[in-house]
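Q: Hi! Could you walk me through a structure while I have it open?

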Amino acid sequence: VATPATSAPASSSASQGIYLQLGAFANIDNAENLKTHLTRELDWLSEPMRIQPALGIHRLQLGPYANRVEADKMAEKIRAALGLKPTIVIR
């Protein structure tokens, strides 16, 4: 049985998907500092790390991931490496 395709519009934003949130800060400098630190500590990451500003909060996010299972696996690797537990964000 075929699974129906998702009905995402063709013009959907490249920023949609499943992400790991590594931190959220009111001050962008704090978000940048964490990004720099994690880029050094997690040099094996292949996904891009981005700061997403919205409503005065700067969220450091990693991804997107193709599915929740992949995001969960990466969250566990990060937790094992640093003791940091990322939050799953779907947007």
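Q: Great. What am I looking at, and what are the ground rules?

A: This is a predicted model, where local features need pLDDT of at least 70, side-chain atom pairs count only at pLDDT 80 or more, and totals for chains, interfaces and linings use all residues. Residues are numbered from 1 along each chain as its sequence is written, and side-chain values use heavy atoms, with hydrogens and water left out.

Q: Which residues touch the most other members of the largest nonpolar core?

A: Leu20 and Leu62 do, in a core of 17 residues. A nonpolar core here is a set of buried Ala, Val, Leu, Ile, Met, Phe, Trp, Tyr and Cys residues joined through side-chain atoms within 4.5 Å. Buried means under 20% relative accessible area, exposed over 50%, and partly exposed in between (1.4 Å probe, protein chains only).

Q: And which element gives the most to this core?

A: Helix α2 does, with four residues. Helices (H or I, at least four residues) and strands (E, at least two) are DSSP runs, numbered from the N terminus.

Q: What does Leu62 contact beyond its sequence neighbours?

A: Leaving out neighbours within four places, its partners include Leu20, Leu22, Leu45, Met74 and Ile78. Contact means heavy atoms within 4.5 Å.

Q: Switching topic: is His58 buried or exposed?

A: His58 is buried, at 15% relative accessible area. It sits in strand β3 (residues 57-65), and among the residues it touches more than four places away are Phe25, Ile28, Ile51 and Pro53.

Q: What about Val89, where is that?

A: Val89 belongs to strand β4 (residues 87-90) and is buried too, with a relative accessible area of 17%.

Q: Nice. How many salt bridges are there?

A: The count is two, taking a salt bridge as a side-chain nitrogen of Lys or Arg within 4 Å of a carboxyl oxygen of Asp or Glu. One joins Asp72 and Arg68 (3.3 Å, N to O), and another joins Glu76 and Arg79 (2.6 Å, N to O).

Q: How are Glu76 and Arg79 placed in the helix?

A: They are three residues apart in helix α2, so about one helical turn separates them. Glu76 is partly exposed at 40%, and Arg79 is partly exposed at 36%.
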